[in-house]
Amino acid sequence: MRKDYNLEKRKYVIGGIVVVIVVIYLIQLFSLQVLDSRYKEYADSNAFLRKAVYPSRGIIYDREGRVVVFNQPAYDVMLIPRDVQPFDTIDFCNTLGITREQFDKRMVDMKDRRLNPGYSSYTPQVFMTHLSPEDYGKLQEKMYRFPGFFIQKRILRQYNYNCAANVLGNIREVSKTDIDRDPYYRSGDYTGDLGVEKSYERYLRGEKGVEILIRDARGQIQGRYEDGAHDRGAVSGRNLKLSLDIELQQYAESLMVNKIGAVVAIEPKTGEILAMVSAPSYDPSLLVGRQRGANYRMLTNDFYKPLFDRALMGAYPPGSTFKPTQGLIFLEEGIINTATTYPCYHGYINGRLKVGCHGHGSPLPLKPALATSCNAYFCWGFKAMIDRRSKYGTPAKAFEVWKNHLVSLGYGYKLGVDLPGESRGFIPNAKFYDKFYGENRWSANTIISVAIGQGEVLATPLQIANLCATIANRGWFITPHVVKEIQDTVMPAELLERRYPTIEQSYFADIAEGMRGAVLGGTCRGANLPGIEVAGKTGTAQNPHGRDHSAFIGFAPYDDPQIAVCVYVENAGFGATYGVPIGSLVIEKYLNGEISEGRKYIENNMLEANTILYSGVKKH
């Protein structure tokens with residue numbers, strides 16, 4: 001009998017197909033049972049309910065130990081969709097004070113994975129957040145009527161002081177981006193948003209716990225699984241002690257009511273920020289609770305942008321507060337010494353450039369030039385440096401030396417403050433001018449306005465305050481920061497190390513003397529406080545869109561500085577008009593605890609002043 005080879009081959013083919021099918025089945029089974037955790041979760045969820053236990057968020061204190069931010073309990077209505085059984089929807093809505101239409105919309109939105117990427121019918125979902133105590137009490141009594149629903153206890157922030165909103169920040173519900181970035185978060189969790197709540201989130205949030213409950217065959221909770229042997233308790237977040245003096249913060253904010261601008265006060269020896277004001281500001285409690293979204297939209301749409309932190313995000317022309325940097329650079333580069341004099345002409349440099357100034361003696365050496373804020377002096381010094389080809393070769397190379405000194409003084413780049421959103425300001429480089437004017441087609445005269453903090457130079461109030469602290473320390477600074485201590489944690493080293501500019505330290509004493517002279521008999525006479533030796537420098541920054549900006553830097557006491565201040569008030573005119581009185585009041589309040597009777601009228605004037613009226617723009 002002949003052997004049928006085709007049948008033989010068919011047998012192997014069929015056998016091979018069967019083997020392939022079995023292998024595919026085994027691979028799929030392995031994938032479902034081992035690699036893909038979803039099915040295990042579904043199986044577990046039939047028998048268990050895992051409830052998150054949320055930790056208490058860290059409390060925030062000021063430098064004196066006063067409680068600034070604390071917690072209060074809040075309650076969210078949760079549900080597990082697969083466990084929901086028919087119930088009296090009208091009774092449920094009436095208990096929570098919502099309409100049937102709102103109920104239906106919430107249920108639809110919950111199942112929309114574009115709005116709720118973590119949706120699963122097997123896992124707890126948020127139905128409503130931030131129940132009031134009254135609603136919580138009413139709902140708790142009726143929970144047995146609404147199968148599948150339960151109440152989740154959470155934490156809301158509470159504020160003891162209506163101030164420091166931009167420094168403190170707030171908390172919000174996590175986004176899909178937050179969840180993708182950090183596996184700690186699940187849909188419905190909360191995270192820090194802005195301020196220290198954001199930058200210190202990993203310390204403040206703590207660690208969630210879990211409670212495992214067991215279900216019966218009908219899905220009803222029968223108690224804790226193995227008497228809670230597998231439960232895990234929540235770990236409370238760590239408390240923060242801020243460097244802020246909250247009472248000084250309140251006072252500085254009161255002086256900036258009806259004004260646009262910023263106040264920054266630093267303790268020079270530590271870099272600790274004593275006050276950081278952005279004006280106009282807002283009540284931090286607006287961004288708490290069920291109305292958070294509506295209030296956030298209101299603040300976002302506010303014409304004066306209270307959510308914009310002008311203290312560390314605003315980039316302003318520093319004006320004459322920039323002149324101390326110029327004196328330092330010229331001394332370091334050997335362009336001048338303390339005896340070098342320049343004339344103050346109300347005319348032109350080399351017949352080409354007008355230098356505006358004000359009445360004072362001429363010619364002047366460096367220290368009186370700082371005291372009187374002589375524009376011409378620093379323009380002449382800048383010209384002598386940038387155009388000195390015998391030393392630098394070209395203006396571009398000289399300018400790069402100039403710029404690098406400024407960077408070492410804290411300008412042009414972020415200082416590294418422990419808050420989100422810091423601006424770097426702007427210090428141009430030689431390539432910037434090569435592109436604008438053409439290579440080797442510009443000189444000191446072309447860009448002379450940068451010598452007096454105008455033109456393309458921009459700085460944040462934080463950077464300007466840091467310069468003042470550096471001069472107060474006579475040549476070094478510590479990165480400004482708003483957190484003084486983290487509970488049970490060593491502070492990051494980069495927030496405690498001294499940083500030294502590229503300027504010989506001895507030159508800072510000369511600049512400090514010039515600033516002391518400005519208070520004793522120059523443009524800062526309004527900062528001459530009884531019993532306190534203050535050094536200061538005014539700034540009047542030109543503004544192409546309206547009135548000039550009023551600025552001031554100052555530190556005190558002169559020989560043992562405990563506070564360095566920058567004040568910047570938009571559209572407020574001369575530095576001596578608003579910058580000096582506000583700055584001097586902040587200094588006096590911090591060092592003496594009160595304002596002397598003889599200066600109460602200055603305090604009242606600043607409290608009542610409204611410079612928004614001078615801004616040239618009106619709220620629509």
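In the predicted model, strands β19 and β20 are joined by a hairpin through 6 residues. Strand β19 spans residues 549-556 and runs antiparallel to β20, with 7 bridges between the two. Within this pairing, Ile553 has Cys566 of β20 as its bridge partner. Strand β20 is also joined to β11 (residues 261-267), again in an antiparallel arrangement, by 6 bridges. Here Ala262 is the bridge partner of Tyr568 in β20.

Thr321 lies in the loop between α12 (310-313) and α13 (323-332). Its relative accessibility is 1%, and because buried means under 20%, Thr321 counts as buried. The side chain of Thr321 reaches the backbone oxygen of Pro318 at 2.6 Å. Among the residues that Thr321 touches, leaving aside those up to four places away in sequence, are Ala551, Phe552 and Ile553, as well as Ile464, Leu467 and Lys537.

Helices α15 (residues 375-386) and α17 (residues 395-408) pack with their axes 8 Å apart, at an angle of about 120°. This angle makes α15 oblique to α17. On the α15 side, Phe382, Met385 and Ile386 take part in the contact, and they meet Pro395, Ala398, Phe399, Val401 and Trp402 of α17. The residues of this contact comprise 8 nonpolar, no polar and no charged.

Technical notes: Residues numbered from 1 in each chain as written. Predicted model: local features only at pLDDT ≥ 70, side-chain atom pairs only at ≥ 80, totals over all residues. Heavy atoms only, no water. Axes fitted to C-alpha atoms, helices over the stretch in contact; angles between N-to-C directions. Helix = DSSP H or I, 4+ residues; strand = E, 2+ residues; numbered from the N terminus. Parallel < 35°, antiparallel > 145°, perpendicular 65-115°, else oblique. Contact = heavy atoms within 4.5 Å. Nonpolar A, V, L, I, M, F, W, Y, C, P; charged D, E, K, R; others polar. Buried < 20%, exposed > 50% of the residue type's maximum accessible area, 1.4 Å probe, protein only. Polar contact = N/O pair within 3.5 Å; in protein donor to acceptor, adjacent residues only side chain to side chain. Pairing = 2+ DSSP bridges.
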